[in-house]
Amino acid sequence: MRRYPIAAAAVLWMAAWPNFAQEGGGAPTVKAKAQNVPDIPFESAPNFLKMPPNLYLGEGIGVATNSKGHIFVYTRSQATRLFEFDAKGNYLREIGEGLYGFVFAHAVRVDSEDNIWAVDEGSNMVIKFNPEGRVMMVLGRRPEAVEAMPMPPMTGIPPAEPYLFNRPTDVAWDASGNIFVSDGYGNSRVAKYDKNGRFLKTVGSRGAAAGQLNLPHTIAADKQGNIYVGDRSNSRIQVFDNDLNLKTIYDQVGAPWAVCITPGPHQYLYSSNSNPDNNNSQIMAVTGEIYKMELDGTILGKFGKPGKQLGEFSTVHEIDCRNENELLVSEITAWRVQKLTLHPAGAAAKSSGRLP
Amino acid sequence: MRRMSQCLLAALLGAGSLAAQSAAPEIAYDSTPSLLKLPEHIYLGEAAGVATNSKGNVLVYTRTGGGNATLGGSRTFTHGGSRLFEFDRNGKFVREIGQGLYGFLFAQSVRVDSKDNIWVVDRGSNMVIKFDPEGHVLMTLSRKPESVGDAGRGGGGRAGRGTGAGVPGDNFVRPTDVAWDAAGNIFVSDGYGNSRVAKMDSNGKYLKSWGTHGSQPGQFDTPLSIATDTAGNVYVADHGNKRIQVFGNEGEYKTQYTDVGAPWAICISPGPHQYLYSSNSNDTGNLDNGEIYKMELDGKVLGKFGSAGKLMKEFGTVNEIDCRNPNELYVGELTNWRVQKLVLRPAR
């Protein structure tokens, strides 16, 4: 359990001294956050999700939409639960009530065939549901509870095994259905599986050098099958090709808690430099914004700041950007999901906002 | 005696037995798609146990929900975490049995006896629970540990894995499976904690137990599954020792079969000509092995089928096999969270 304070300290340290260059052979420099990034105007829809009586969201951990615009929310409630809403925010149903793999929510994503994938940090599992909400495949395995004894203190991180995760965080797919899992808080790697769940390869070890990972917290794929990993505690997005070879690093957008890539012919990358969930007001002063980027890393704009009001962010944990200008964000410390409508400026403003 | 010498020969010819393993003919088979129809809000987790009754109804004992811990004044108490479902022969959901039962913590196996009584083995509560066909509790063996701190000690079973002989009562330490002979005597493989087989009479009165932890004949390393033939012989899947051990009705060692991998689940079909099935299941952390063997009771391998994977017809750690019909098997899988019905087409 030593990793908690270390990770927390790293986040604090990087956020407080963003200009501090990291040392070490081959280690990338942690650059200052981009300056003079244009603000993108936006608004948040009031009273968006309509909860039935006696049903509550807890920490808003995961949010995703399917092709019909239905919204899936994966939340840490008294139990971890998965809810489905229609596009207008009306409650439809619960999926996976009492599921063996629902222990501590971390992310939910919907693939191109509207299958729903839940990533559970507590059960160490990735669970694929079909659109009807039935379990189609599971990856990883929940540790057996029969010993029913507290785990001994961790003295080190055991090596990552092909078919077992250690507090995984997120999932993505390429066009041929290969599965990429960011794994996670315990392991420091990305694992690749074929569409049938057979292990193919893995990349990453804990560290700050290029290609190493320190809390891979979020993951997304573009149409070419490149993999974008939010390397949160290293405050950078690392981009890998489909075979998990490192291509490039974007390190001017703070600590990427949540990334997503829009569909369509021109894809954009969103990344949230979320305010940490410890409610530290000093850190909150320099975090909380979401960046809009080209896939090549060019920063197009940013929006948002920490806070508890509508249109402010309380530790954004997942972003859905199926619609480029209509984002859904789930927030840990505000126990909610917001629907954001962006109003990016026209082409002229966009080009003037580009950074060299 | 002839069987013994055959076994000795097989043991001497290690390479020969390996050859037998790879040379076993493949048995063609299909898996029935969309087998179990689950009602809304009912989900299978790890499908640890599956069994059929005489009507062909399918019982599934699954690890689901989250086990809950309740903080007491000075101790922590666990409850929940496993459920027992019944389906008809077409896979239609019939009912849940034992909802909220005190002994349902961590599903391990379910078996149905000749009178259609349903027996559940729970590795978390250390209990074997007998239900009548209507689903009422008829008998319990062993005792659930009172609180979390007691779990490893098995609620009174003082033997751990070190010696593994268990106490001469009926308390189990993480038991795995149950079987009966024609007289109704009960045999429990026990298990992950102890390394023994316990025998009780049909009324649950303790008779004897045999086995300690080890690799000698008559010793066990994680006995995971147990079955009996019509003559009352007892077959034990001695998983850690990669062998099936066969005992007489009083626990006297008879022989062992060492050419079918690490047996995880075994079953013996009824009828005049009985067959023994044994699954060399993949470990929960990989997709290696996974094939199921069909054997004569004397250990002769007739064929094998299947391998580990996540698709239909592939297996994700088969934890129990039902072979009431020798060519229509049900398998419960841990890591695929499902039950498959396999229709075999063995060559004639």
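Is A:C321 buried or exposed, and what is its relative accessible area? A:C321 is buried, at 2% relative accessible area (buried means under 20%, exposed over 50%, partly exposed in between, with a 1.4 Å probe and protein chains only). Please keep in mind that this is a predicted model, where local features need pLDDT of at least 70, side-chain atom pairs count only at pLDDT 80 or more, and totals for chains, interfaces and linings use all residues. Residues are numbered from 1 along each chain as its sequence is written, chains are lettered from A and ligands numbered from 1 in the order written, and side-chain values use heavy atoms, without hydrogens and water.

**Disulfides**

- Over all chains, the search finds two disulfides (cysteine sulfur pairs within 2.5 Å).
- One joins A:C260 to A:C321, with S to S at 2.3 Å.
- Because A:C260 sits in strand β18 (residues 258-261) and A:C321 in strand β22 (residues 316-323) of chain A, the pair ties together parts 61 residues apart in sequence (strands are DSSP E runs of at least two residues, numbered from the N terminus).
- A:C260 is buried too, with a relative accessible area of 2%.
- The other joins B:C267 to B:C323, S to S 2.3 Å.
- B:C267 is buried at 2%, and B:C323 is buried at 3%.

**Nonpolar cores**

- The largest nonpolar core has 24 residues, of which A:L82, A:F102, A:I116, A:I127 and A:F129 touch the most other members (a core is a set of buried Ala, Val, Leu, Ile, Met, Phe, Trp, Tyr and Cys residues joined through side-chain atoms within 4.5 Å).
- Beyond its neighbours within four places in sequence, A:I127 has contacts (heavy atoms within 4.5 Å) that include A:W117, A:M137 and B:W337.

Terms used: Helices (H or I, at least four residues) and strands (E, at least two) are DSSP runs, numbered from the N terminus.
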